[in-house]
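Thanks for coming. I will take a few minutes to walk through one chain, so please have the structure open and follow along.

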Amino acid sequence: MARPRNIGDQLAALRSRNLYRRRRVLDGAQGREVVIDGRRLLNFCSNDYLGLAADPRLASSFAQAVARWGVGAGASHLVCGHTRAHHELEEALARFTGRPRALLFSTGYAANMGTIAALLGPGDRVLEDRLNHASLLDGGWLSRAEFAWYRHCDMADLTAKLGSGGDGRALVVSDGTFSMDGDRCPLPALTAVAHDHGAWVMIDDAHGIGVHGRGGRGLVDAECVGTADVPVLVGTLGKAFGTAGAFVAGEDELIELLIQRARPYIYTTAMPAALAAATLTSLAIVEEEEWRRERLRELIGRFRAGLGELGLDCPASEAPIQPIIVGDPARAVRLSTALEKAGMLVTAIRPPTVPAGTARLRVTFTAAHLPGDVDRLVETLGHALRACEPA
């Protein structure tokens with residue numbers, strides 16, 4: 001089938017395949033509930049896992065920092081945009097992750113793109129999990145290194161691909177917690193395979209940091225996993241931390257190389273200093289308030305039990321990300337629409353975000369949710385699934 005040539009035909013093709021996406025306009029802050037088109041909906045599609053995006057302590061820190069630093073950074077970090085607030089946040093993130101240094105990026109996408117391209121070039125190799133986030137895949141493709149996928153979490157396939165490569169540097173790249181399935185990378189096995197083949201490891205723990213591990217340190221806790229095992233750790237600030245931006249943490253030489261070579265870092269205006277100050281407040285809350293992670297574990301267990309009562313296979317996920325795979329994009333949209341009519345916001349995720357044939361509802365929980373919210377979701381989901389059974 002020929003690919004449509006003009007823009008209108010391309011958009012029509014997306015609509016005909018139930019792959020067309022629409023933005024929603026929220027009238028208010030992120031939270032357990034959001035307001036869309038005047039309706040208050042229970043929100044089950046946010047990455048604000050610890051419920052901090054609208055926390056008044058973060059808002060207060062932000063407002064006080066605006067009074068000191070202003071609104072915009074005014075320049076890139078390497079020109080005159082790097083303030084004391086940015087520097088203190090980098091030092092705090094280094095302490096939090098147990099690594100010598102950390103470097104701020106304006107987005108997780110920029111961190112992944114810039115890091116892979118700075119580390120690799122022609123003659124090198126990058127090997128990526130088939131279900132990695134788009135930013136990791138794009139970073140690998142654009143690095144000009146030889147690119148290879150390995151089957152999802154399949155260490156035998158990774159071993160085979162590492163063993164068939166050339167003499168250049170090799171970088172194995174994986175999500176820590178996978179954004180659409182909620183499962184975790186087999187980190188001990190992955191680092192062992194990489195070590196046996198002289199490869200570096202880069203882990204993007206965007207959906208794990210703040211949520212899992214000791215004090216929210218995620219999958220790559222320095223007490224168990226050092227920089228020799230995972231030289232490159234990427235984390236995001238726009239999910240569990242409730243603010244925005246991202247960071248890379250590692251040895252001093254890695255950070256210095258990124259400062260010199262990572263184009264998204266060099267050529268992007270720094271995040272507002274006030275945002276860095278608010279994130280410092282968030283970082284302290286993430287580490288200290290263990291009840292938020294305990295609440296998430298309670299909600300996740302309750303939801304998985306509810307799915308079992310509906311006769312559905314429980315997802316292999318202990319993360320706030322709980323996928324319900326329905327296969328057909330049209331059915332995923334119908335289910336999402338039915339849930340919204342019942343007062344719940346659950347996004348239908350369709351290709352190319354997920355592989356063909358795996359369209360799904362991506363349910364996410366935050367520490368702001370209540371047990372009754374989960375019960376209501378399970379009950380409504382049961383009705384919606386029966387009503388939307390394929391003909």
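Predicted model: local features only at pLDDT ≥ 70, side-chain atom pairs only at ≥ 80, totals over all residues.

Asp221 sits in the loop between β7, residues 200-204, and β8, residues 232-236. A polar atom of the Asp221 side chain lies 3.0 Å from the backbone nitrogen of Glu223.

Now the chain as a whole. Its secondary structure comes to 14 helices and 13 strands. The C-alpha trace spans about 55 × 55 × 45 Å along its principal axes. For 391 residues, a compact globule would have a radius of gyration near 21 Å, and the chain agrees with that, at 21 Å. Of those 391 residues, 52% count as buried. Take the contacts with a separation of 6 or more: 70% of them are accounted for by residues 24 or more positions apart.

Next, the nonpolar cores. Which residues have the most contacts inside the largest one? They are Phe303, Phe365 and Leu377, in a core of 53 residues. Leaving aside neighbours within four places in sequence, Leu377 is in contact with Phe44, Phe303, Leu339, Met344, Val346, Val363 and Phe365. Apart from that core lies another, of 24 residues, with Ala111, Met202, Leu254 and Ile255 among them.

As background, strands of a sheet pair through backbone hydrogen bonds, either parallel or antiparallel. Here β1 and β2 run antiparallel and are joined by 4 bridges, with Val35 opposite Arg40 in β2. Those two strands form a hairpin with 2 residues between them, and Asp37 in the turn has a positive phi of about 55 degrees.

Now please find helix α8, residues 187-196. Its buried residues include Leu187, Leu190, Thr191, Val193 and Ala194. Why do they fall on the same side of α8? Because they cover an arc of only 160 degrees around the axis. In general, an α-helix has 3.6 residues a turn, so residues three or four places apart point the same way. The face of α8 turned away from the buried side carries Pro188, His195 and Asp196, which are exposed. What covers the buried residues of α8 includes β5 (146-150), α7 (155-163), β6 (170-175) and β7. After α8 comes Gly198, with a positive phi near 65 degrees.

One more residue, from strand β6: Ser174. Is Ser174 buried or exposed? Ser174 has a relative accessible area of 1%, so it is buried. Leaving aside neighbours within four places in sequence, the contacts of Ser174 include Leu190, one of the buried residues of α8. Met202, from the 24-residue core, is also in contact with Ser174, as are Asp129, Asn132, Leu136, Tyr150, Cys185, Ile203 and Asp204. Finally, Ser174 and Arg130 are 44 residues apart in sequence, and their C-alpha atoms are 8.9 Å apart in space.

That is where I will stop.

Conventions: Residues numbered from 1 in each chain as written. Heavy atoms only, no water. Polar contact = N/O pair within 3.5 Å; in protein donor to acceptor, adjacent residues only side chain to side chain. Buried < 20%, exposed > 50% of the residue type's maximum accessible area, 1.4 Å probe, protein only. Arc of directions from axis to C-beta. Contact = heavy atoms within 4.5 Å. Core = buried A, V, L, I, M, F, W, Y, C linked by side-chain atoms within 4.5 Å. Pairing = 2+ DSSP bridges. Rg over C-alpha atoms; globule rule 2.2 N^0.38 Å.
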